[in-house]
Amino acid sequence: EEDMYRDAEEIEREKILLCETGSSEYKLSVAPEMDVMEYCRKEWRGNTPVAKRMRKGYEAVAQKFASIRRVRGDNYCALRATLFQALSQATQLPSWLQSEDFTSLPENLLSKYDWIKHWQLKQKLGRKMGEISDEIKEYLILLRKKWKNISEIKDPIEKQEACDKLFKNEEEEYSLYEALKFLMLNTAIELYNDDKNGRRVPVFSWLLFAQDTSSNPCQLMHNHLNHIGHSGGLEQVEMFLLAYALRYTIQVYRLYKYSTDEFITLYPNDPEEDWPVVTLITEDDRHYNIPVRMCQETML
C-alpha cells in the first residue's frame with residue numbers, strides 16, 4: 001500500500017529496507033522531532049496562495065510549539081496522532097479506564113446488539129461472535145495496561161522513550177486502534193440511546209445520526225467505523241466522537257483555514273473543563289501531525 005503523504009523516494013527507501021531486513025520494524029509511526037519552521041520550509045517552498053497560507057499557519061504554530069513530529073500517513077493517522085499525544089502527556093489512568101466493567105464491554109454490547117458480530121477487526125473476516133468479543137477484550141486490556149504503565153513513568157525523557165517504543169511495535173499499536181474504534185462505537189450507542197430517551201446530547205451527535213449513511217449505530221459501524229484504518233480515515237464528525245470516547249479535548253491547528261475562525265478547532269467545541277487537551281496539526285483534515293515542545297513563554 002503506497003502512502004500518499006510521503007514522496008516516492010521515501011517509499012522506495014522503505015521498500016529496499018524491507019527487502020533487506022525482511023521485517024517492518026524499522027517503520028516509524030511517529031518520526032523524530034524537527035523544528036516547526038524548518039519542516040515548513042522543506043514542505044512549502046513555492047509562492048502559490050496555498051503555500052503562503054501554510055507558511056503563515058506554521059508561523060502561528062511556532063509561536064506556541066518549537067517542534068513537530070511527522071505521523072505516518074495511513075488511514076489510522078488521526079487515531080495514531082491523538083493516542084500518541086494522550087499517552088505522551090498521561091500522568092494518571094483516566095477514570096473510565098479504571099471502571100470494573102470496562103473490559104466486559106464487548107460481551108455486554110454483543111449480548112444486546114447482535115449486529116456487532118459484523119464488526120471488522122484488522123481485516124480478518126468470518127470470525128464467530130465469541131471470538132470477536134474475546135479479541136476486543138484483549139485490545140481493551142492492552143489499552144488499559146499501556147496507559148497505566150506510561151502514566152506511571154515520572155521522568156519525561158523515559159516517558160517519551162516508552163511511547164516511541166510502543167509506536168514501533170506494529171502488532172500492539174494496531175491493536176490499540178481497534179480498541180479506540182470500539183470505544184467510539186460504544187460512545188455512539190450511548191449517545192443514540194440518550195437522544196432516543198429524551199436526554200440532552202451534544203450537537204455533533206445529531207449531525208452524526210443525521211447522515212444517510214449513519215442514521216443509527218448499526219449503520220455507523222457498517223458504513224464508517226468498519227472502514228477506519230482500512231479504506232478511510234476519520235471524518236470531521238468522527239473526530240468529535242473520538243474526543244467523547246476518550247474524554248479528551250482534541251485541539252487542531254487546521255493550517256488551510258489560517259486567518260479564519262476555524263484555524264484552531266476544538267473537538268468538542270464546548271469541552272468539559274476537566275478533560276485534558278491534546279494538540280494536533282493538519283494541512284487538509286485528512287493527515288495529522290503532532291506539535292511538541294511547548295515554547296517556554298507559553299508555558300509561563
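Mentor: Start at R247, which sits in the loop between α12 and β3 (249-254). Helices (H or I, at least four residues) and strands (E, at least two) are DSSP runs, numbered from the N terminus. The model is predicted, with residues numbered from 1 along each chain as its sequence is written, and local features need pLDDT of at least 70. Side-chain atom pairs count only at pLDDT 80 or more, totals for chains, interfaces and linings use all residues, and side-chain values use heavy atoms, without hydrogens and water.

Trainee: What is the phi of R247?

Mentor: Most residues other than glycine have a negative phi, and most peptide bonds are trans. R247 is not a glycine, yet has a positive phi of about 55 degrees. R247 is partly exposed, at 39% relative accessibility. Buried means under 20% relative accessible area, exposed over 50%, partly exposed in between (1.4 Å probe, protein chains only).

Trainee: Is D285 buried or exposed?

Mentor: D285 is buried, at 12% relative accessibility. D285 lies in the loop between β5 and β6 (288-294). D285 also has a positive phi, about 65 degrees, and is not a glycine.

Trainee: Which peptide bond is cis?

Mentor: The one from Y267 to P268, with omega near -5 degrees. P268 belongs to the loop between β4 (264-267) and β5 (277-282).

Trainee: How many helices and strands does the protein chain have?

Mentor: The protein chain has 13 helices and six strands. Of its 300 residues, 47% count as buried.

Trainee: How do I read a helix pair?

Mentor: Two packed helices are described by the angle between their axes and the distance between the axes. Axes are lines fitted to C-alpha atoms, for helices over the stretch in contact, and angles run from 0 to 180 degrees between N-to-C directions. Take α6 (residues 105-112) and α9 (residues 170-196): their axes come within 11 Å and cross at roughly 50 degrees.

Trainee: Why are α6 and α9 called oblique?

Mentor: Under 35 degrees counts as roughly parallel, over 145 as roughly antiparallel, 65 to 115 as roughly perpendicular and the rest as oblique. With a crossing of roughly 50 degrees, α6 and α9 are therefore oblique to each other. L105, P106 and L109 of α6 touch F182, L183, N186 and I189 of α9. Contact means heavy atoms within 4.5 Å. By class, this contact has six nonpolar, one polar and no charged residues. Ala, Val, Leu, Ile, Met, Phe, Trp, Tyr, Cys and Pro count as nonpolar, Asp, Glu, Lys and Arg as charged, and the others, Gly among them, as polar.

Trainee: How do α9 and α12 cross?

Mentor: The axes of α9 and α12 (residues 236-246) come within 8 Å and cross at roughly 95 degrees. The two helices are therefore roughly perpendicular. Among the contact residues are L180, L183 and M184 of α9 and L241, L242 and Y244 of α12. The contact of α9 with α12 divides into ten nonpolar, one polar and one charged residue.

Trainee: At what angle do α9 and α10 pack?

Mentor: About 100 degrees, with the axes of α9 and α10 (residues 203-210) 10 Å apart. This pair is therefore also roughly perpendicular. A188, L191, Y192 and D195 in α9 meet F204, S205, W206 and F209 in α10. Six of the residues in this contact are nonpolar, one is polar and one charged.
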